[in-house]
Amino acid sequence: MLTVRGARHAILVSADGLLMERSSDIGRDEAPAGSAPAAAGPDASRTAPDGADPVRAAVLAGRAGRFGGLIPAQSRRRAAGRADADDKAAPAPRVTFVVLSPTDPMTRGQLRRMAELAREEGHEVRWEEARGGATAPFRTVGGLRRLLRRAERVVMGDPFSRYVQLLLTITRARDLVVVDDGTATMEFVAQLARGERLVRWHRKGGRLSPRDLLFAPVSAAARRRLTPEGSGSGRGRRVEVFSAMPIDEIPDGVVVGDNDFAWTRARFGPPRLTSGADLVGTSLVETGVVDGDRYLDAVRALAEAHGATRYFAHRRESADKLHRLAVETGLEVVRPDLPLELIARRGPIGRTVLSFPSTVVHTLPRALAGTPVRVAVCDIDPTWLTATASPRAQGFLSGVTGTARDVHRLAVVSPA
């Protein structure tokens with residue numbers, strides 16, 4: 001989403017993921033002059049700032065991987081430090097969602113459905129074939145250049161995306177917000193705190209490819225842009241992370257906001273429940289972390305142990321893998337046309353939802369708060385990892401499970 005100074009028309013951009021849960025925490029007014037700066041550093045707490053101003057909030061691009069909803073139509077601007085003279089909220093600004101369309105068919109399908117929800121909420125959607133051929137990126141970047149130059153605030157869904165990193169080198173915005181409910185958010189914040197190169201956790205420790213080396217200067221420039229500077233001066237660069245994921249290692253100057261899925265709970269449900277269990281899939285095989293045969297055995301054992309009948313596929317799982325899984329386990333494979341958080345809120349959903357370490361062990365308990373649904377997580381056995389998996393894979397996945405709240409921990413399954 002981009003917001004141009006003085007404009008009443010906000011632009012929201014999503015690259016290859018879904019749309020954001022809410023805008024109230026990313027579009028606030030600046031604090032009045034002389035007020036104390038927000039807490040920052042390792043002991044900083046999550047914030048839900050007052051003075052929401054969706055007109056000035058903006059999303060640039062990226063894979064907003066697990067957002068459970070849309071910017072709510074009922075968002076209203078409030079003047080910082082005072083109420084409206086007539087005590088009435090101003091109408092929410094018109095928002096345009098600009099989708100930088102991915103090539104993956106399942107993700108495209110989910111984005112199409114999310115676009116429908118955006119229109120139902122009163123927003124516009126502009127669909128860009130940003131990856132549609134060799135010249136598409138040049139056309140897309142060229143078309144966004146002027147808006148990026150004028151934007152005061154930039155909100156991105158995936159700081160690891162090369163597309164996002166390239167666009168960050170164009171914008172002059174002094175207010176940057178990362179909005180993502182994916183496990184990558186945890187790694188991003190930790191890498192930023194340590195001043196490390198931005199690289200996805202499952203690729204860390206591997207050799208740089210020629211493409212990585214070629215893109216290294218752009219990536220380094222993006223990391224510098226995502227580092228706060230001049231905190232409290234009124235002219236420095238402000239960086240915020242807005243997520244449902246646990247973030248402990250907070251870099252100096254970075255503000256952390258909490259996504260509680262309030263819009264999703266208000267918009268959908270309560271869900272109709274089934275008597276059985278559902279199993280949530282993962283793309284760990286596709287990313288080269290987990291061996292395919294071991295994963296299939298683990299899914300079969302987990303389904304048999306808990307009576308699961310349905311398997312909700314991750315949008316990046318391959319068709320061949322899912323076909324084999326359906327044939328060999330007897331599970332009904334469901335390819336959701338919406339994010340799982342929305343699917344679960346709408347129902348029907350099992351009274352128990354089983355998952356391996358992934359984003360959903362953090363987001364589903366929030367989206368399903370107030371329902372009797374139990375979310376249970378099964379750890380990844382080290383013997384399931386591939387020979388080429390990152391040395392950090394086991395520790396990272398254990399951390400995803402260990403930091404999840406309101407979930408039931410399952411013993412690692414032992415395939416027969």
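Helices (H or I, at least four residues) and strands (E, at least two) are DSSP runs, numbered from the N terminus, and residues are numbered from 1 along each chain as its sequence is written. The model is predicted, with local features needing pLDDT of at least 70 and side-chain atom pairs counting only at pLDDT 80 or more, whereas totals for chains, interfaces and linings use all residues, and side-chain values use heavy atoms, with hydrogens and water left out.

**View 1. Glu317 in the loop between β10 and α8.**
Glu317 has a relative accessible area of 3% and is therefore classed as buried, a word that stands for under 20% relative accessible area, with exposed meaning over 50% and partly exposed the range in between (1.4 Å probe, protein chains only). The Glu317 side chain forms a polar contact with the side chain of Tyr311 at 2.6 Å; such a contact is a pair of N or O atoms within 3.5 Å, where within protein one must be able to donate a hydrogen and the other to accept it, and residues adjacent in sequence count only if both atoms are side-chain atoms. Neighbours within four places in sequence aside, the contacts of Glu317 (heavy atoms within 4.5 Å) include Gly281, Thr282, Ser283, Glu286, Tyr295 and Arg335.

**View 2. Phe312 in strand β10.**
Phe312 is buried, because its relative accessible area is 3%, and 4 of the 5 residues of β10 are buried, so that this strand is mostly covered. Strands β9 and β10 run parallel and are joined by 4 bridges, with Val280 standing opposite Phe312; two strands are taken to pair if DSSP finds at least two bridges between them. On the path from β9 to β10 the chain passes through α7, and this β-α-β crossover is right-handed, meaning that, with the strands pointing away from the viewer, the path from the first strand over the helix to the second runs clockwise.

**View 3. Strands β10 and β11 around Phe312.**
Strand β11 (residues 332–334) runs parallel to β10 and is joined to it by 3 bridges, and Val334 is the bridge partner of Phe312 in β11. A right-handed β-α-β unit is made by β10, α8 and β11. The C-alpha atoms of Phe312 and Val333 are 6.1 Å apart in space, although these residues are 21 apart in sequence. Beyond four places in sequence, Phe312 touches residues that include Asp278, Leu279, Pro336, Leu340, Ile343 and Ile349.

**View 4. The largest nonpolar core.**
This core has 29 residues, and those with the most contacts inside it are Leu279, Val299, Leu302, Tyr311, Leu354 and Phe356; a nonpolar core is a set of buried Ala, Val, Leu, Ile, Met, Phe, Trp, Tyr and Cys residues joined through side-chain atoms within 4.5 Å. Two or more residues are given to this core by each of β9 (273–280), α7 (292–306), β10 (308–312), α8 (319–329), β13 (374–378) and α11 (393–402), and α7 gives the most, with 7 residues. A second, separate core of 27 residues includes Val334, Leu342, Phe396 and Val407.

**View 5. Phe215 in helix α5 (residues 210–225).**
Phe215 counts as buried because its relative accessibility is 17%. With residues up to four places away in sequence left out, Phe215 touches Arg162, Gln165 and Leu166. Phe215 and Leu166 lie 49 residues apart along the chain, and their C-alpha atoms are separated by 9.2 Å.
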